[in-house]
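Dear colleague,

Please find below the structure that I am handing over to you. My notes on what was found in it follow directly after.

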Amino acid sequence: MAFPGLRYLLLLLLFFFAGSLLPDEARAARAIDDSGIRSPCAVIIDQKTGRIFFEKNAHEKRPIASITKIMTAILAIESGKLDEWAPVSGRAVHTEGSSIYLKEGEKVRLIDLVYGLMLRSGNDAAVAIAEHVGGSVEGFVYMMNEKAALLGMADTHFANPHGLDEKNHYSTAYDMALLMKYAMENETFRKISGTKVYLAESRGKEAYRVFRNKNRLLTELYPNATGGKTGYTKQAKRTLVSSAEKNGLDLIAVTLNSPSQDDWQDHITLYERVFDSYRMTNILPEGTIKAVRLPFYKNRVYLAEGFAYPLAKEERRSVSVRYRMLKPKREWGKRGGDAPPIVGKAEIYLNGEKIRTMPIYLKAKKDEGNFFQRFQRIFARIAGVSGHD
C-alpha cells in the first residue's frame with residue numbers, strides 16, 4: 001500500500017538537498033539578478049573592495065553625458081587650487097546646456113565652481129574649471145584621459161569636461177564605477193557629492209548663488225544614498241552614478257542610457273538586493289598570524305592590516321586562505337633597518353578564485369647579545385630576587 005505522505009516527504013527532502021548542493025556562486029547570484037533592471041547598461045560594486053555584485057552590459061562603450069563631471073570634479077579637487085578665484089571666460093558663459101549662469105569677467109572660487117558642477121551640473125562651471133586647472137579646455141581634457149588611464153578605465157575616452165555629446169566621448173558602466181570608487185576615497189569629493197544645498201560666493205556681479213542637488217536619490221527618494229551625479233543628453237539619454245551606505249556596506253551603482261526615469265528605481269532595486277544579501281565579513285585580522293607554525297616564523301609574522309570582504313551567508317564557507325612563505329634569510333629579524341622585511345604573502349580565495357593578496361611581515365628579533373651578556377642578565381635577575389646588591 002502506498003503512503004502519499006511519505007512520497008511528499010521524500011520530494012521535500014529531495015528539493016532541500018538539491019538546493020543545498022548548488023554551487024555557492026550560483027546560489028549567491030540568484031539574489032542579484034537582472035529582473036526589473038530596465039537600464040541597458042548597469043553595474044553595482046563594493047566601494048571598499050571593488051567586488052562586483054551585478055553587471056549588465058557593463059563594458060559596453062556608451063555616451064555618458066554629465067556623469068563626465070565626476071572626473072572634472074576630482075581633478076579640480078586634486079589640483080590644490082580650491083581656494084583660488086577663477087576668472088570666467090566668454091567660452092565658459094556661452095557653453096550650451098545646463099548652467100549655473102556665470103557672468104563673463106566675474107571671478108568665482110574654484111570650490112564653488114565644483115559645487116555648481118556637481119549639484120547643478122553646470123556646463124559653464126565645467127569649462128571655467130577646465131580653463132583654470134588645465135590652462136585650457138584642451139589641456140584639461142588631456143589630464144582627464146591621463147587620469148582615466150592611471151585608474152584602469154580601459155574603455156573610456158574624454159573629449160570635453162562636461163559630457164555634451166561628441167564622437168570620441170564615451171565610457172562604460174564599469175569604468176564609471178571605477179572612477180566613482182576612486183573619487184569617493186577623497187573626503188572633499190565625498191562631502192561635495194553628498195551635499196543637498198550649497199551657498200556659493202562670488203566676486204563680481206553676483207553676491208551669492210544657491211545650488212540645490214539634482215540627485216533625487218540623495219534629496220528625496222532613498223535615505224541610504226550618500227552621493228552621486230546625474231546626466232542627460234539626447235544621444236546618451238539618462239545616465240546616473242550613485243552611492244549608498246547601509247549595514248557597514250558602501251556601494252556604488254551606475255546605469256547608462258536609460259530611456260526614462262526608471263533609473264532611480266533601478267538603483268534602489270540594486271542597492272536593496274545587495275544590502276539584503278551581503279554583509280561585510282572579517283576574513284583576516286590585523287596582527288600576528290597564528291596559522292604559520294614554521295619554527296623560524298612562529299609568532300613572529302604578522303599582517304599590517306586586516307581584510308574584510310562583502311559576503312553572502314552561503315559564501316562564508318567558501319573562503320580559504322593560503323600562506324606562501326619565502327625561504328628564511330640570515331639578515332631577517334636582526335635589529336635595525338627602516339622597514340620590516342616582507343617574508344611571504346597571504347592569498348585569499350572565494351570559490352577558488354583569488355580575491356586579494358596581502359604581504360606578510362616579520363617582527364624584528366630582540367638582540368640578546370653574546371653568551372656572556374646573556375649570562376650577566378640572568379645572574380643580575382637571580383641576584384635581584386635573592387636581595388643581593
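**Helix H5 and the residue after it**

Helices and strands here are DSSP runs, H or I of at least four residues for helices and E of at least two for strands, numbered from the N terminus. Please note that this is a predicted model, in which local features need pLDDT of at least 70 and side-chain atom pairs count only at pLDDT 80 or more, while totals for chains, interfaces and linings use all residues. Residues are numbered from 1 along each chain as its sequence is written, and side-chain values use heavy atoms, with hydrogens and water left out.

H5 itself spans residues 110–120 and is mostly covered, with ten of its eleven residues buried. Buried means under 20% relative accessible area, exposed means over 50%, and partly exposed lies in between (1.4 Å probe, protein chains only). Among the buried residues of H5 are Leu110, Asp112, Tyr115 and Leu119.

**The annotated residues**

The UniProt annotation "active site", from an unreviewed entry, covers Ser66, Lys69 and Ser121. These residues are spread over 56 residues of sequence, yet they cluster in space, the largest C-alpha distance being 7.7 Å. Of these residues, Ser66 and Ser121 are included in the lining of the second largest pocket. A pocket is an open set of points on a 1 Å grid over the protein atoms alone, where a 1.4 Å probe fits, with protein on both sides within 12 Å along at least five of seven lines; lining residues have an atom within 4 Å of a point. UniProt positions are given in the numbering used here, feature names are shortened, and annotations may be inferred rather than shown by experiment.

Ser66 is found in the loop between strand E2 (52–56) and H3. Ser66 is buried, with a relative accessible area of 8%. Leaving aside neighbours within four places in sequence, Ser66 is in contact (heavy atoms within 4.5 Å) with residues including Ser121, Lys229 and Tyr232.

Lys69 lies in helix H3 and is buried, with a relative accessible area of 0%. With neighbours within four places in sequence left aside, the contacts of Lys69 include Ser98, Leu117, Ser121 and His162.

**Helix H3**

Nine of the ten residues of H3 (residues 69–78) are buried, so this helix is largely enclosed by the rest of the structure. The buried residues include Lys69, Met71, Ala73 and Ile77. Just after H3, Gly80 takes a positive phi of about 75°.

**The five-stranded sheet**

Five strands form an open sheet with antiparallel pairing, in the order E2-E1-E9-E8-E7; two strands pair if DSSP finds at least two bridges between them. The edge strands, E2 and E7 (225–233), each pair on one side only. Strand E1 (residues 41–46) pairs with E2 in the antiparallel sense over four bridges. Within this pairing, Glu55 in E2 is the bridge partner of Val43. Helix H8 (residues 173–183) packs on the sheet, touching E1, E2, E7, E8 (237–246) and E9 (249–258), and its direction makes about 35° with that of E1. Axes are lines fitted to C-alpha atoms, for helices over the stretch in contact, and angles run from 0 to 180 degrees between N-to-C directions.

**Ile355**

Ile355 is placed in strand E16 (residues 353–362) and is partly exposed, with a relative accessible area of 23%. Ile355 and Thr49 are 306 residues apart in sequence and 9.1 Å apart in space, C-alpha to C-alpha.

Yours sincerely
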